Amino acid sequence: MESALAANQFLALSAILFVIGVAGVLTRRNVIVVMMSIELMLNAGNLVFITFSHYLNDMSGHVFVFMVMAVAAAEAAVGLAIALAMFKNRETVDVDEVNLMKG
Amino acid sequence: METLLFYLFATLSVAFGLMMIMARQAIYSAVCLIGVMFCLAGLFALLSAHLIAALQILVYAGAVMVLFVFVIMLLNLREKAGLRSVGDMATQLFFVVVLGVLFVPLIASYDAPSATKLAEGFGSTAGVGTLLYTDYILPFEIVSVLLLAALVGAVALAKTRMR
C-alpha cells in the first residue's frame, strides 16, 4: 500500500500523545490514572516504531512493538498489584500521600 | 481516503487522550484510554501493520484495560480522583507546555524517510512470526520469562498483607 501520508504527520501525533501522557503523570494524583498515562506514553512510542517500520520497509519495528506490549502488560499487572497492596494498607491511592521512601 | 482516516484517528486519539487526563473519575479515564487504543489500532492498520493492529485491540483494549477496570472497581474509591493543588499544577502545566512547544515541532520537523514500496506480506502474521522465531528468538524467550515473573510477582504482591 503506497501511503500518501508523510512520516512526520505520524511522528507529530506521537509526540503530542507522549506530551499528554507526561501531563497526566505530572498532574494527576490517582496512581491508577498515573499508570494509564504511562500506558499512553508507551503507545506513543509504539506508534513511532510502527511509523519507521513502514517508512524504512523493515519489520523489526513490529517485533519491537510486540516486546513493548508484553513488557507493558507485565508492568500493568505488577503496578496494579502494588496499587491494591497500597490501598489495603493505607486506604489511599494518592501518590502524594505515599512517601515512605522520602528521605 | 487515507489522509481523511489519518486525521479522523489523530483527532480522536488526541481528544480521548486529553479527556483521559482531565476526567474526574478513574473509570472515565479508563474508557477514554480504550478509545485511544482503538484509534491507534486504526493508525497501525493505516501503516500496514495488520498483526500489530489486531494485537493492539486484543492485548491492550482487551486484556490490559480489563485489568485496569477490574482494579478500579475493586478499589471502589469514594473520594474524587483529585488533581494536585493549583500552585503545583500551574508549575507542572508550565513545564508540560514548554516540553510540548519544544518537543513536538522538533519531532515533526525530523527529516524522515519517505514511503518506499513495501515488501510482499509486510506486517502480516507470517512475516512478523518468521522474524520473531528466527532473528529475535532470544528476546522472545526472555519476554516469556519476564511475563512469568510478573505473573508470580503480581499474585505475591496482591496476596500478602504487609503492615
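Q: Which helices each supply at least two residues of the lining of the largest pocket?
A: A pocket is found on a 1 Å grid over the protein atoms alone: an open set of points with protein on both sides within 12 Å along at least five of seven lines. Lining residues have an atom within 4 Å of a point. Helices are DSSP runs (H or I, at least four residues), numbered from the N terminus. Here they are α3 (60–90) of chain A, and α3 (50–75) and α6 (137–159) of chain B. The largest share, seven residues, comes from α3(A). This is a predicted model: local features need pLDDT of at least 70, side-chain atom pairs count only at pLDDT 80 or more, and totals for chains, interfaces and linings use all residues. Residues are numbered from 1 along each chain as its sequence is written, chains are lettered from A in the order in which they are written, and side-chain values use heavy atoms, without hydrogens and water.

Q: How many residues line the largest pocket, and which lie nearest its centre?
A: The lining has 19 residues; A:Ala73, A:Ala76, A:Ala77, B:Leu67 and B:Ala154 lie nearest the centre.

Q: Why does the largest pocket lie between two domains of chain B?
A: Domain bounds come from an automatic or database domain assignment. Domain 1 (1–80) and domain 2 (120–163) of chain B both give residues to the lining, so the pocket lies between them. Their centres, taken over C-alpha atoms, are 21 Å apart.

Q: What is the area buried between domain 1 and domain 2 of chain B?
A: Buried area is the accessible area (1.4 Å probe) that two parts lose on being put together, summed over both. Here it is about 340 Å², with 65% from carbon and sulfur atoms. In domain 1 of chain B, B:Ser48, B:His50 and B:Leu51 lose the most area to domain 2, together 84% of what that side buries.

Terms used. On a 1 Å grid over the protein atoms alone, a cavity is a set of points where a 1.4 Å probe fits but cannot get out, and a pocket is an open set with protein on both sides within 12 Å along at least five of seven lines; lining residues have an atom within 4 Å of a point.
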